[in-house]
Amino acid sequence: MNKSLKIYVYPHPQDHPFKNVLLPTDYDPKGNYASELYFKKALMKSHFVTEDPDEADLFYMPFSISPMRTDHRIDVRGIPDFVKNYILNVTHKYPYWNRTGGADHFYVACHSIGKIALKKVFVAKLNVIQLVCTSNLFSQSYIAHKDASMPQVWPRQDATPNLLTSERKQLAFFAGAMNARTRAYLLKVWENDTEIFVHHGRLPTPYSEQLLGSKFCIHAKGYEVNTARIGDALYYGCVPIILANQYDLPFTDILNWKSFSVIVHERDIPILKRILQGISSEEYAMLQSNVIKVRKHFQWHSPPIDFDAFYMSMYELWRRRSVVKVRS
């Protein structure tokens, strides 16, 4: 993949009126949806980009969903129209889409509103590869095997934590808004427990202290199946508990999630403690050791580093490239 994958990026000038949506940032992205902007920034400076469309395996449509939703000219409701017009322009100006119906094209999105991006372009919805954080298998907008899941990562600017010195005295931890039935149920069952700490809202103490002090960190479905909690847990060396049914986990066809996380069905929340206490110290040591090994795959760097989130995402695209290349 690293030697042969080639991607053609539809070009846009620096003075384009929507350069904030189409061009990469000149700074390191921050916040909850940084993944889509990190990907674009890394790709545009990489050796994967080709200026020759005939040697391209894939075609990248570089619109970003996150800046669209805050642009008053577009707004959330205007995203489907913006994408529809973008694809119409691509089909009229270039011949590449029409050769495959967009099956060798892709876009990247991390915000959950990205699931409506192709709402008004039915052919694109069927064919275009979506590299997204919101990989909800229950949603009609995400098609497993055609689309791919990437991690939602909140970039950490502080010093890398010393995982060897952390004392994990707490069994499990979750903190966040109770904005979904799964989280409300989790709080109802475990809010008064002394070993499983479930907190509603913001913590009065540093978030990192709880992540470093817990053996297991709970990723519970909110408005969507994805949050940055998996990336947070791995960064701080905490074994993730996945409480999100119908979630196509990031890099799921590359990584063996059962080797470094505990996947629990939402209906089993009442027996969560029994499940975790049933994990032997040897099994836990193996899980946490693998957490340390895989955490590099869930971090973005500028410039990217081998096997980080950018290269893993590229490998997901590589696996989905068309077997037959169409020459103009």
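Keep in mind that this is a predicted model. I'll begin with the strands. Strand β2, residues 58-60, pairs with β3 in the parallel sense, over two bridges. Within that pairing, Phe59 has His105 of β3 as its bridge partner. Strand β4, residues 129-132, also pairs with β3 in the parallel sense, here over four bridges. One example to look at is Val108, whose bridge partner in β4 is Leu131. To get from β3 to β4, the chain passes through helix α6, residues 122-127, and this β-α-β crossover is right-handed.

Now β3 itself, residues 105-109. How many of its five residues are buried? Five of the five, so to speak a mostly covered strand by the DSSP run we use here. In a regular strand, side chains alternate between the two faces of the sheet. On one side of β3 we have His105, Tyr107 and Ala109, and on the other Phe106 and Val108. Both of those faces are covered, with each of these residues buried.

Helix α2 covers residues 34-44 and helix α12 covers residues 309-320. Their axes are 10 Å apart, and the packing angle is about 80°. Angles from 65 to 115 degrees count as roughly perpendicular, and therefore α2 is roughly perpendicular to α12.

Which residues meet there? From α2, Phe39, Ala42 and Leu43; from α12, Phe310, Ser313, Met314 and Leu317. By type, the residues of this contact are six nonpolar, one polar and no charged.

That's what I have.

Definitions and conventions:
Residues numbered from 1 in each chain as written. Predicted model: local features only at pLDDT ≥ 70, side-chain atom pairs only at ≥ 80, totals over all residues. Heavy atoms only, no water. Buried < 20%, exposed > 50% of the residue type's maximum accessible area, 1.4 Å probe, protein only. Pairing = 2+ DSSP bridges. Right-handed = clockwise from strand over helix to strand, strands pointing away. Axes fitted to C-alpha atoms, helices over the stretch in contact; angles between N-to-C directions. Parallel < 35°, antiparallel > 145°, perpendicular 65-115°, else oblique. Contact = heavy atoms within 4.5 Å. Nonpolar A, V, L, I, M, F, W, Y, C, P; charged D, E, K, R; others polar.
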